[in-house]
Amino acid sequence: MSYDPANIFARILRGELPAHVVEETEDTLTFMDIMPKANGHALVIPKEGAPNIFEISDDGLHKLITQVKRVAKASQRAYPGNGVRVIQLNGSEAGQSVFHLHFHIIPSADGMNFGFHGGAAADEASLSEHAQRLKQALATID
Ligand code: AMP
């Protein structure tokens, strides 16, 4: 599938739309999901413009998954007592709604009950608070 540079995450990467950024690396950006499935729901995206896992370069995917692991570790530290869901969707048939590759990192405590999407937008104060919590945990990860 072709990559549309006008997608929401590409616009966040260019600074055209705001985001609660948790961490930026040379190759990735981590920020809070605006309609979180749980407090602390973060998204990790590559800077490389790929719509899905099939289209990204192997090198780009390697860097991305390394950052996914780092943020998942931070999530575990920031939300003790929770498990961590790492979810990634490819294609509208699979439920993907933003066509810039991304991994969801979601602190989860509800067992197998993982209905996806359809949450309400969180308020700015809550997104900011949870971005801060993840940032603090990231600072403790090598
Ligand atoms: P997916 O269905 O896997 O493509 O997930 C896209 C995710 O992007 C959803 O969980 C949305 O809540 C989230 N989202 C959409 N727009 C924004 C935005 N402007 N900032 C942060 N997250 C967003």
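From the N terminus on, the elements of the chain run α-β-β-β-α-β-β-α, which comes to three helices and five strands, where helices (H or I, at least four residues) and strands (E, at least two) are DSSP runs numbered from the N terminus. The radius of gyration, taken over C-alpha atoms, is 14 Å, close to the 14 Å that the globule rule gives for 142 residues, so the chain is as compact as a globular protein of that length; the rule is 2.2 Å times the number of residues to the power 0.38.

This is a predicted model, in which local features need pLDDT of at least 70 and side-chain atom pairs count only at pLDDT 80 or more, while totals for chains, interfaces and linings use all residues. Residues are numbered from 1 along each chain as its sequence is written, and side-chain values use heavy atoms, with hydrogens and water left out.

Helices α2 and α3 pack with their axes 8 Å apart, at an angle of about 110°, the axes being lines fitted to C-alpha atoms over the stretch in contact and the angles running from 0 to 180 degrees between N-to-C directions. That makes α2 roughly perpendicular to α3, a term that covers 65 to 115 degrees. The residues that meet, with heavy atoms within 4.5 Å, are listed here.

| Helix | Residue range | Residues in the contact |
|---|---|---|
| α2 | residues 58-78 | Arg70, Val71, Ala74, Ser75, Arg77, Ala78 |
| α3 | residues 124-138 | Arg133, Leu134, Ala137, Leu138 |

Terms used
Angles under 35 degrees count as roughly parallel, over 145 as roughly antiparallel, 65 to 115 as roughly perpendicular and the rest as oblique.
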